[in-house]
Amino acid sequence: MNIFKFSLNSFDKKYNVVISLDEYVKGEKVQSKDIARMDNTYYFAEGEMVDEEEPDFYVDYLDQLLVYTKENTDNVDLTISSYSMNARSKLEMKKERDWQRYYWRRYMKANWKLNESVPLLVYASSWWDEKNGFERFCGVVDLSLKEEYTKELLDNSPHYYIIGLKVFE
């Protein structure tokens, strides 16, 4: 099980938010779907119900997203949570060899940009290194550090998913 927390840049008004899942095989996008659609607000109550008086409700902007993953034999259960929603999806592992494994890598600097899709997480498979004769998965842990290292990892992984965030009006 893994838990990933993403802090979001401060919002100044209400926006729409989409969490997307893109699947790649040999570097080509083969599937794209939206896991969640929401806006960037949530409601909370302050006070308690006393003498049948309703508590005061307030609206605020989201400041974080949480991603929970649970790996099974052939797939991963994925849950994305905010203060206002929970969304679930499954990721299928497409292993070609018994010793092939999948690994999570994240973008630590995943700040949203209006009308742009920003990657949050990558779930990628290891690959067979012909030159050295072993299964490998190497590269940076934080994919936002060096674009060329991220490219090397994604170019070599035969199968991976990218979970992304898009904020728009």
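Strands are DSSP runs (E, at least two residues) numbered from the N terminus, and two of them pair if DSSP finds at least two bridges between them. The model is predicted, so that local features need pLDDT of at least 70 and side-chain atom pairs count only at pLDDT 80 or more, while totals for chains, interfaces and linings use all residues. Residues are numbered from 1 along each chain as its sequence is written, and side-chain values use heavy atoms, with hydrogens and water left out.

**View A. Strands β9 and β10 run antiparallel and are joined by five bridges.** Arg 105 stands opposite Val 122 in β10. Both strands belong to an open, antiparallel sheet of five strands in the order β3-β2-β13-β10-β9, whose edge strands, β3 (28-39) and β9 (102-106), each pair on one side only.

**View B. Tyr 24 and Tyr 160 form an aromatic pair across distant parts of the chain.** Rings of Phe, Tyr and Trp (its six-membered ring) pair if their centres lie within 6.5 Å, and planes under 30 degrees apart count as stacked, over 60 as edge-to-face and the rest as tilted. The two ring centres are 4.8 Å apart with planes at 10°, so the pair of Tyr 24 and Tyr 160 is stacked. Tyr 24 lies in strand β2 and Tyr 160 in strand β13, 136 residues apart.

**View C. Tyr 42 and Phe 44 form a tilted pair.** Their ring centres are 5.8 Å apart and their planes are at 35°. With buried meaning under 20% relative accessible area, exposed over 50% and partly exposed in between (1.4 Å probe, protein chains only), Tyr 42 counts as buried at 15%, whereas Phe 44 is partly exposed at 30%.

Terms used
Helices (H or I, at least four residues) and strands (E, at least two) are DSSP runs, numbered from the N terminus.
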